[in-house]
Amino acid sequence: MKTTAPPAKTNNSVNEELQQLPAAKLSIEHVSKSFTSSQGIVRALDNVSLTIKEGEFVCFVGPSGCGKSTLLNIIAGLEKPDSGEALIDGQPIEGPGRDRMMMFQEHALFPWLDVIGNVMFALKLKPNLNNKERLEVAKYYLSLVKLDHFLHANIHELSGGMKQRVALARALAPNPRILLMDEPFAALDAMTRERLYGDIQTIWQTRRKTIVFVTHNVRESVCLGNRVVLFSPHPGRIREEFLIDLLRPRDINSVELADYSVRITSSLKGYQNASESD
């Protein structure tokens, strides 16, 4: 398998920035979270506990309203649980941090900056790097997502898939220990998604980040995750976990992957039917 190595001729600051940091362990301990809506109190998460190992690729799957994005926001430090706690390597998450970077369904790129400018923006808070060094780091990550020939392209000139590649490079550039991905491929066409499935698997194998990936798409979760965590709504709870014992790179159209998808979909439908009958 071909991987992208850091540039051979770099100074110490850039070498340090590109080195692989130890992946982080996540612990979710009895987390509950409620919101007030026009219909009253909504229990988004109810007594959720989960451990994610260092360097593990975990996918959260479930219908809308099951709390999977809420849990991702709690891990990101964007929301606080009503009870319970989320920890990184045993330390409570008190708020956002550079050890965690988030990627959303919308790319959220700055239209007034070109491709390289958007990725360099993520490195502004790196005090150990000067502007030339930030440029080297940004070029490395754009090469990793196969955009090294589009460094100075304007954002409006890019396809949807290319914009998400820039967003991925921007999320990776600060060298976080955890990458959080909230349905990043949901708005893309099927062929673009399939190419990105291969790319994100390669990047995970190259950089070995802990990745938490939220999706409604069961096949997508089996294609990407080492483990699929199944949520049910009303209230949001973890119902089952599935270990995906398939070699990488995985083809989303393979028979082996389809077998896992059928099992997970069957379980998901069972929990949905039970919830609707309550």
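Two strands are said to pair if DSSP finds at least two bridges between them, and helices (H or I, at least four residues) and strands (E, at least two) are themselves DSSP runs, numbered from the N terminus. In this structure, strand S3 (residues 57–61) and strand S9 run parallel and are joined by four bridges. The structure is a predicted model, in which local features need pLDDT of at least 70 and side-chain atom pairs count only at pLDDT 80 or more, while totals for chains, interfaces and linings use all residues. Residues are numbered from 1 along each chain as its sequence is written, and side-chain values use heavy atoms, with hydrogens and water left out.

**The sheet**

- Six strands form an open sheet in the order S6-S7-S8-S3-S9-S10, and their pairing is mixed.
- Strand S6 (100–103) and S10 stand at the edges, and because each has a single partner strand, one side of each is left without a neighbour in the sheet.
- From one strand to the next the twist averages 20 degrees, where axes are lines fitted to C-alpha atoms, for helices over the stretch in contact, and angles run from 0 to 180 degrees between N-to-C directions.
- Strand S7 (residues 178–182) and strand S8 (residues 210–215) run parallel and are joined by five bridges, and Asp182 has Val214 in S8 as its bridge partner.
- Helix H2 (residues 68–76) packs on the sheet and touches S3, S6, S7, S8 and S9, contact meaning heavy atoms within 4.5 Å, and the direction of H2 makes about 150 degrees with that of S7.
- Helix H5 (residues 160–172) also packs on the sheet, where it touches S6 and S7, and its direction makes about 170 degrees with that of S6.

- On the side of S3, Cys59 stands opposite Val228 in S9.
- S9 and strand S10 (residues 237–243) pair in the antiparallel sense over six bridges, and the bridge partner of Ser232 in S10 is Arg237.
- Four residues lie between the strands in the hairpin of S9 and S10, where His234 takes a positive phi near 60 degrees.

- Lys146, in the loop between helix H4 (131–144) and H5, has a positive phi of about 65 degrees although it is not a glycine, and with a relative accessible area of 56% Lys146 is exposed.
- Asp199 lies in helix H6 (residues 190–207) and counts as buried at 10% relative accessibility.
- Leaving aside residues up to four places away in sequence, Asp199 touches Lys146 and Arg165.
- Asn175 lies in the loop between H5 and S7, where its phi is near 60 degrees, a positive value in a residue other than glycine, and its relative accessible area of 3% makes Asn175 buried.
- Leu21, in the loop between helix H1 (12–18) and strand S1 (26–37), is partly exposed, with a relative accessible area of 33%.
- Leu21 touches Asn175 and Arg177, not counting residues up to four places away in sequence.

**The largest pocket**

- The largest pocket is lined by 20 residues, of which Met101, Met102, Met103, Phe104 and Arg170 lie nearest its centre.
- The lining of the largest pocket takes at least two residues from each of S6 and H5.

Terms used:
Buried means under 20% relative accessible area, exposed over 50%, partly exposed in between (1.4 Å probe, protein chains only). On a 1 Å grid over the protein atoms alone, a cavity is a set of points where a 1.4 Å probe fits but cannot get out, and a pocket is an open set with protein on both sides within 12 Å along at least five of seven lines; lining residues have an atom within 4 Å of a point.
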